[in-house]
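Visitor: Hi! Could you walk me through some of the strands in this one?
Guide: Happy to, let's have a look together.
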Amino acid sequence: MHTKPLIDTVAWRNLVRQAANLKNVTLRDLFADDPARANDMCLEACGLFLDYSKNLIDRQTLMQLLALAESQGVCGAAERMFRGDRINETENRAVLHTALRERRDVAICVDGEDVMPAVRAVLDQMGVFSDAVRSGAWLGHTGKRVRNVINIGIGGSDLGPAMAYEALKPYSQRDLQVKFVSNVDGTHLVEALVGLDPAETLFVVVSKTFTTQETMTNAQSARAWLLDALGDEAAVARHFVAVSTNTEAVAAFGIDPANMFVFWDWVGGRYSMCSAVGLTLMLAIGNENFSRMLDGFHAMDRHFIEAPLEENMPVLLAVLGVWYNNFLGAQTHAVLPYDQYLARFAAHLQQMDMESNGKYVDQDGHCVNWQTGPVIWGEPGTNGQHAFYQLIHQGTKLISADFIGFCQSQHPIGDHHDKLLANFLAQTEALAFGKTRDEVEREGVKGTLVPHKVFTGNRPTNTILADKLTPEVLGALTALYEHKVFVQGVIWHVFSFDQWGVELGKALAGKILPELLTVDEPALEHDGSTNALIRRIRAARGR
């Protein structure tokens, strides 16, 4: 337990002074004053190269940011997480997503029990099932092989695997159509089912409790769709499998408990894609490629726990984020992958980061008086350049950004990838150094148009570069952000592995649902606005 508020620590106060000292320093100045800056402010690990030289920091700032991380006990907190301590204190749980991709023959214990045999058993079970479906050995109720797989889940039971499936589509079995359904809006399920043959369709229902409202509503409707076509309750067991821990509910649904894939309460949803939650992903890319992805996760896990802070990629990204969020007033952080296969990467990071560190109460139960998690957003380049980059370049808001690129394309067509990488490199250069008034005027621009073409620069970026988007690289990249989020939560002294904020809306929705469904006018006891909206919806639907 901390003895003083974060903002009263020596490390924090030093950084406040450092921010004031650098207020009028530009990236042009920093590069001019330090010719070795680009060579020194870079790091390579786990197939990823990080250039963080285009950040609004000098060497002294970096030292003080790392001192803040050290003073907040980042190293000790990481060790407690990896060994299975109950660091998720509000739910009295360990946090062991790292055990899901542990590649060494080690014991990791929770309450005195080694969890690794169970982890390996589930991975083996997933592999056997995946091989059976992909080879055609697993047949549907009518004897047809599976051609379509639909994952039904929401949140962490959807975003991670859906992101990874899109990212690793070149490694997927293309005669197996894979879709992800999450939204309780019936449109999502209906559109996913259009044109599919129920006799060739397998559903993977992902819900730890098998009671998640959105997931089970979609699952029941999918079940009805299947039975409407096949007409035999026995068909459910050949066309549905479950990722859950609730054997009784799974069996009641009609799924054979032998086809239930378990995971554990020490696996948080947004960190669960390496568990059985990734079953649909394994069905798509195969056991071998899934294992390669786990290799990448594990490599970054080992780097994070073993590398010194000044050479630790997740720690460096974390403290840079703290610098902008807490000392330079940035409210958001953009993640901009220059690869279309990473189209869903920012969406996955939104949940990972914002659900983890979107907290206003610290670990001691006190309201914080410092900023915690930023707003995370982004889209692939070059699409974003024709949408929101204008605001990043010339807007009034400071936005830090991560640019993610790959030296080699999965599809080397003509000069497409050269043009993509040219834009990738040009954007960080333009954001960092801008264009001065003198430079604009030397180009022949005159009069009132000049200020519109001036770019102040000083817009900070990280560049993350890899050779190619492989399963190993995706694993390392995802783990990089997982550990970055963890480090920031430790520094901000918040619990990063609970999500109580999502519960209130669920509880109120449970109260409102019967009020929308009942034929008779219910006694409404909400606020005036909500009462009026309920009545308007009921009237529009003839109730």
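Guide: A term to begin with: two strands pair if DSSP finds at least two bridges between them. Helices (H or I, at least four residues) and strands (E, at least two) are DSSP runs, numbered from the N terminus. This is a predicted model, where local features need pLDDT of at least 70, side-chain atom pairs count only at pLDDT 80 or more, and totals for chains, interfaces and linings use all residues. Residues are numbered from 1 along each chain as its sequence is written, and side-chain values use heavy atoms, with hydrogens and water left out.

Visitor: Thanks! Which residue takes a positive phi in the hairpin of β1 and β2?
Guide: That's Cys46, with phi near 55°, in a hairpin that has two residues between the strands. Strands β1 (residues 42-45) and β2 (residues 48-51) run antiparallel and are joined by four bridges. Ala45 has Leu48 as its bridge partner in β2.

Visitor: What else does β2 pair with?
Guide: Strand β13 (residues 461-466), antiparallel, over three bridges. There, Leu50 stands opposite Ile464.

Visitor: Switching to β8: which way do its side chains point?
Guide: Phe240 and Ala242 point one way from β8 (residues 240-243), while Val241 and Val243 point the other way.

How values were computed
Buried means under 20% relative accessible area, exposed over 50%, partly exposed in between (1.4 Å probe, protein chains only).
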